[in-house]
Amino acid sequence: MAESANLGLPYMEAAQAQKHVTHNEALDILDAVVHLSVHDRDLVAPPSTPQEGDRYLVAAGATGTWAGQEGRIAAFQAGGWMFYPPRSGWIVWIIDETAALIFDGISWVPFGGSDTSTLQNVQLFGLRATADEMNPLSVTLNNALFNALYEQYGGNGDLRYLLNKEAQANTVSFLLQQGFSGRAELGLVADDDFVLKTSPDGSAWAEALRASGNGHVSLPANPKFSAFTDFDNALTLDTWTKIAINNTEYDNRAVFDSMSNHFVAPMDGLYLFGASALFKLNASANARMRARLVKNGSDVIPGSLGGITGPHTTTVTALWLQVATVLAQGDTVELQGYFAGDTGIFAANHTRFWGALLA
């Protein structure tokens with residue numbers, strides 16, 4: 001009997017008796033293989049209570065009624081099992097796996113070379129976006145959820161993101177952008193220290209935080225300075241006078257003006273200041289020293305005023321000040337000294353002024 005080329009449907013002969021038998025056989029084949037979906041592909045024996053029209057892919061090692069039918073489509077029709085050999089290019093949907101397979105002429109393989117439940121060695125992947133060689137994974141969306149695999153489902157309840165770089169000099173980081181222009185970067189950037197960098201324009205970058213491998217944390221961008229006077233400051237009696245702090249040993253943001261002998265706030269914030277003043281004899285040991293921190297040349301910073309009223313010993317007696325205060329950008333802070341009783345000297349090198357931005 002002649003058959004169709006692709007599905008093998010039987011043709012009716014011109015003078016054939018009982019043409020309906022041939023016609024119905026062709027309909028059964030169509031019903032079995034068109035819009036093909038099967039319940040399972042792992043069974044080696046037929047289910048005990050099949051329903052009319054149920055279809056399966058016969059697994060390797062088949063037994064019983066299915067023996068010798070491996071890889072074929074088993075369809076329960078008219079109360080019995082019919083078997084249909086697949087042809088190259090046929091696609092089947094596996095209902096219990098929600099997966100698609102394709103017949104390559106020899107066996108059933110994952111559709112497109114990949115099972116819908118497993119994606120391996122995908123070269124480009126775009127989700128609502130177009131991936132390219134620069135960005136092999138490209139995703140456009142508003143929210144993303146990564147949920148830990150709970151113990152009840154075989155996990156341990158933890159969730160970790162693993163980001164790996166090849167060598168110390170390489171970078172592994174999160175780069176946060178606005179309009180595809182960088183604004184913040186967080187990670188291991190060109191070394192093994194953990195850093196946070198920020199930028200106002202994607203071009204100029206400032207390092208806001210750095211944590212070394214031994215746990216040391218620093219705030220590189222926060223202004224910090226330490227300054228001192230390199231000469232003895234002899235002050236006029238009973239007069240508050242700016243001490244000429246004219247040298248810096250540390251000044252990471254150029255915030256101390258050694259010509260004007262004061263600190264200049266580069267931004268609004270809460271600052272911590274400290275100072276030390278060492279007494280040195282001038283004309284008389286009756287001199288009594290005082291010191292204070294002054295904002296904008298005239299406003300005494302509350303809590304910064306201190307003095308010593310007892311006997312002074314030259315290059316031994318010292319005064320320490322420390323205070324936190326809020327400053328606006330452009331405010332200045334200076335160290336002022338005062339001598340009562342007699343003139344005195346604020347000693348070189350040991351009379352110092354320092355500060356840092358806290359927040």
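A residue is called buried when its relative accessible area is under 20%, exposed when that area is over 50%, and partly exposed in between, as judged with a 1.4 Å probe on protein chains only. By that definition lysine 165 is buried, because its relative accessible area is 14%. The structure is a predicted model in which local features need pLDDT of at least 70 and side-chain atom pairs count only at pLDDT 80 or more, whereas totals for chains, interfaces and linings use all residues. Residues are numbered from 1 along each chain as its sequence is written, and side-chain values use heavy atoms, with hydrogens and water left out.

**Salt bridges**

- The structure holds 9 salt bridges, a salt bridge being a side-chain nitrogen of Lys or Arg within 4 Å of a carboxyl oxygen of Asp or Glu.
- One of them joins the side chains of lysine 165 and aspartate 192, with an N to O distance of 3.2 Å. Lysine 165 lies in the loop between β9 and β10 (172-178) and aspartate 192 in the loop between β11 (181-188) and β12 (194-198), so this pair ties together parts that are 27 residues apart in sequence.
- Aspartate 191 and arginine 210 meet through their side chains in a salt bridge of 3.1 Å, N to O. This pair links distant parts of the chain, 19 residues apart, with aspartate 191 in the loop between β11 and β12 and arginine 210 in strand β13 (residues 206-211); strands are DSSP runs of E with at least two residues, numbered from the N terminus.
- Arginine 210 also forms a salt bridge with glutamate 207, where the closest N and O atoms are 2.6 Å apart. Arginine 210 is buried at 19% relative accessible area, while glutamate 207 is partly exposed at 23%.
- Asp191, Asp193, Glu207 and Arg210 are linked in a network of salt bridges.

**Serine 218 and its surroundings**

- Serine 218 lies in strand β14 (residues 217-218) and is partly exposed, with a relative accessible area of 25%.
- Apart from neighbours within four places in sequence, serine 218 is in contact with Ala208, Leu209 and Arg210, contact meaning heavy atoms within 4.5 Å.
- The C-alpha atoms of serine 218 and alanine 208 are separated by 8.5 Å, and the two residues are 10 residues apart along the chain.

**Aromatic rings**

- There are 19 aromatic pairs in the structure, where rings of Phe, Tyr and Trp (its six-membered ring) pair if their centres lie within 6.5 Å, and planes under 30 degrees apart count as stacked, over 60 as edge-to-face and the rest as tilted.
- The rings of phenylalanine 263 and phenylalanine 273 have centres 5.2 Å apart and planes at 70°, so this pair is edge-to-face. Phenylalanine 263 is in strand β20 (residues 262-264) and phenylalanine 273 in strand β21 (residues 269-280), 10 residues apart, and both residues are buried.
- Phe225, Phe256, Phe263, Tyr271, Phe273 and Phe353 form one aromatic cluster.
- The charged end of arginine 290 sits over the ring of tyrosine 338, 5.4 Å from its centre, a charge counting as over a ring if NZ of Lys or CZ of Arg is within 6 Å of the ring centre and within 35 degrees of the ring normal.
- The charged end of arginine 292 sits over the ring of tryptophan 240, 4.0 Å from its centre.

Methods: Helix = DSSP H or I, 4+ residues; strand = E, 2+ residues; numbered from the N terminus.
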